[in-house]
Amino acid sequence: MIDAVEMLETLKQDFLGMRYTVEFDKHVTGGIAAGITVTETMNFVDWDDACDWATKCTNSNTVPFEIVEMRSPDGKVENF
């Protein structure tokens, strides 16, 4: 069975053309998982779109995680 995250990523790729997949390290800052860093992937339009999202998440006072590092499929790396 496909879960909600997989469904969203499929929607983004197939219907919105968001096929640029980045890998990132997310450090959880709130809730039961506070202090844990996990590696995830997500689809974006391009590298600039991914960096914009990561910057907004990291700078927000209401998002319970920070993006530590993001890596593109073509070797770009950004630290936040």
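The model is predicted, with local features requiring pLDDT of at least 70, side-chain atom pairs counted only at pLDDT 80 or more, and totals for chains, interfaces and linings using all residues. Residues are numbered from 1 along each chain as its sequence is written, and side-chain values use heavy atoms, with hydrogens and water left out.

Start with the sheet. It is open, has 4 strands and runs in the order S2-S1-S3-S4, with antiparallel pairing. Strands (E, at least two residues) and helices (H or I, at least four) are DSSP runs, numbered from the N terminus. Two strands pair if DSSP finds at least two bridges between them. Strand S2 (37-44) and strand S4 (77-79) form the edges. Each has a single partner strand, so one side of each is left without a neighbour in the sheet. From one strand to the next, the twist averages 30°.

Strand S1 (residues 20-28) pairs with strand S3 (residues 65-71) in the antiparallel sense, over 6 bridges.

Contact means heavy atoms within 4.5 Å. Axes here are lines fitted to C-alpha atoms, for helices over the stretch in contact, and angles run from 0 to 180 degrees between N-to-C directions.

Now the interior. In soluble globular proteins, nonpolar side chains tend to be buried together. The largest nonpolar core here has 13 residues. Such a core is a set of buried Ala, Val, Leu, Ile, Met, Phe, Trp, Tyr and Cys residues joined through side-chain atoms within 4.5 Å. Buried means under 20% relative accessible area, exposed over 50%, and partly exposed in between (1.4 Å probe, protein chains only). Val22, Phe24, Phe44, Trp47, Ala50, Ile67 and Met70 touch the most other members. S1, S2, H2 and S3 each supply at least two residues of this core. H2 gives the largest share, 5 residues. Leaving aside neighbours within four places in sequence, Met70 has contacts that include Val22, Phe24, Trp47, Ala50, Cys51, Val77 and Phe80.

Next, the loop between S3 and S4, where Ser72 sits. Ser72 counts as buried because its relative accessibility is 10%. Its side chain joins that of Asp74 in a polar contact of 2.5 Å. A polar contact is a pair of N or O atoms within 3.5 Å; within protein, one must be able to donate a hydrogen and the other to accept it, and residues adjacent in sequence count only if both atoms are side-chain atoms. A polar atom of the Ser72 side chain also lies 2.8 Å from the backbone nitrogen of Lys76. Not counting residues up to four places away in sequence, Ser72 touches Tyr20, Val22 and Trp47.

Asp46 lies in another loop, between S2 and H2. Asp46 is partly exposed, at a relative accessible area of 32%. A polar atom of the Asp46 side chain lies 3.3 Å from the backbone nitrogen of Asp48. Asp46 and Ile32 are 14 residues apart in sequence, yet 32 Å apart in space, C-alpha to C-alpha.

Last, the cysteines. The structure holds 0 disulfides, a disulfide being a pair of cysteine sulfur atoms within 2.5 Å. For Cys51, the nearest cysteine sulfur is that of Cys57, 12 Å away. Cys51 counts as buried, at 13% relative accessibility. Cys57 counts as buried too, at 9%.
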